[in-house]
Amino acid sequence: MKRLLLNGSPRGDSSNSRCLCAWLAEGFVEAGAPAPEILSLARAGTERAVREFRTADEVVLVFPLYTDSMPGIVAEFTNALADLDPAVPAGKRVGYVVHSGFPESAQSEPLAAYLERMSARLGFVHLGTILKGGSEGLRLDPGSGRSKTAGRFRALGRSLAGRGSFDPDAKAALARPRRLGPATRILFRVLAPTGILHMYWNVLLRKHGAYERRHDRPYAV
Amino acid sequence: MKILILDGGARSGNDPLADYLASFEAALASGGAEVRRIRLAEMEIRFCTGCWSCWWATPGLCALRDGMEEVYPAFLEADRVVWAVPLVLGTASALVKKTQDRLIPLLHPYIELVDGECHHRRRYDRYPELGLIVDPRDPDTTEDLAGTRLLFERFALNLRSRLVFFASTRANPEEAAREALAA
């Protein structure tokens, strides 16, 4: 069986999606399966990605939520699948990982519903969609490979290689929180005036010498 | 009322969406609107690379210099922006989607709660209301139309706007224009 992990992040190999693909691949190897190819859609381009897709039996497409749906490069890839002979995609085992900077996985649910419809239309064996919030900055954390998130993605890889399906416990754990609870919302409101919630962005703004210009409006009319 | 139509139709050839939009645009103008249509297929619009320069290096300014430099001020100047969207596999085409992605510089990276959900803070004082015209093809279903509408409602919320108008090219364009003006 040829497995393909397709990284659909516009950032390519320096992306959070690449981290998630690597952890899934480690899970495959832990289960005794060969390490699957991880292909960056941003680097390879749509044409090559479609070629690899054609010869794969099982594909997991991993990408960040962009303006509430799939990134443009992923849309270009799926648009290309629409042009294939219907016999090519039919029967392929396809799953998805959608991750977002926002912590709530509920923000990705409308897209997950669409991916299920698209899979049915293309005749895929739909493996489901893993939702993961709070993914911004994963790639910048050298300890993230030892995190619970990494362990859960390895568990998904092991279960997909071993049982042919995503581990339901890992899937459920990654989707938490679905929405912010009342206590978190209160904490958010209390902390908002302190600026502590913006620390991640402020560090990056200062690093680039742009902090003082952070409220610029260059396209104002 | 200034209305901007972001036309996601094909570059040339027999495009039924183009015919529909010609009637829709004329009806808007006769209803008193100042209408501008931007044909996205005729512009050079590159894919967002996720560099986040617009958030942390040149705040608010996209690092890519292409057709979007014309779209950004037109978008902010409009009272209402109508997205004209051909459906591919039951959702917005890649051309439309990459244009949506490129609007990220219009928002601030900071996060705040909106109705209990995390969303980006506004960068500008006002944003246009959004409308959506979908152009379905066989075998697109009513579920596809509803799903695309929901994705645009979410997109509007994140853009700190709201979707005020929805139509399909299966409906009469003059009637759709009346609804767009009244919304």
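**Figure 1. Burial in chain A.** Of the 221 residues in chain A, 43% are buried. The model shown here and in the following views is predicted. Among contacts between residues at least 6 apart in sequence, 76% join residues at least 24 apart.

**Figure 2. Elements and dimensions of chain A.** Chain A contains eight helices and five strands. Read from the N terminus, their order is β-α-β-α-β-α-β-α-β-α-α-α-α. The radius of gyration of chain A is 19 Å, close to the 17 Å given by the globule rule for 221 residues, so chain A is as compact as a globular protein of that length. The C-alpha trace spans about 55 × 45 × 30 Å along its principal axes.

**Figure 3. Packing of helices H2 and H3 in chain A.** Two packed helices are described by the angle between their axes and by the distance between the axes. Helix H2 of chain A covers residues 41-55, and helix H3 of chain A covers residues 72-82. These helices pack at an angle of about 10°, and their axes are 9 Å apart. Angles under 35 degrees count as roughly parallel, and H2(A) and H3(A) are therefore roughly parallel to each other.

**Figure 4. Residues in the contact of H2(A) with H3(A).** Helix H2(A) contributes A:Leu41, A:Ala42, A:Thr46, A:Ala49 and A:Val50 to the contact. From H3(A), the contact is made by A:Ile73, A:Val74, A:Glu76, A:Phe77 and A:Ala80. By class, the contact has eight nonpolar residues, one polar residue and one charged residue.

Definitions and conventions
Residues numbered from 1 in each chain as written. Chains lettered and ligands numbered in written order. Predicted model: local features only at pLDDT ≥ 70, side-chain atom pairs only at ≥ 80, totals over all residues. Helix = DSSP H or I, 4+ residues; strand = E, 2+ residues; numbered from the N terminus. Rg over C-alpha atoms; globule rule 2.2 N^0.38 Å. Buried ≥ 20, exposed ≤ 12 C-beta atoms within 10 Å, placed from the backbone. Contact = placed C-beta atoms within 7 Å. Axes fitted to C-alpha atoms, helices over the stretch in contact; angles between N-to-C directions. Parallel < 35°, antiparallel > 145°, perpendicular 65-115°, else oblique. Nonpolar A, V, L, I, M, F, W, Y, C, P; charged D, E, K, R; others polar.
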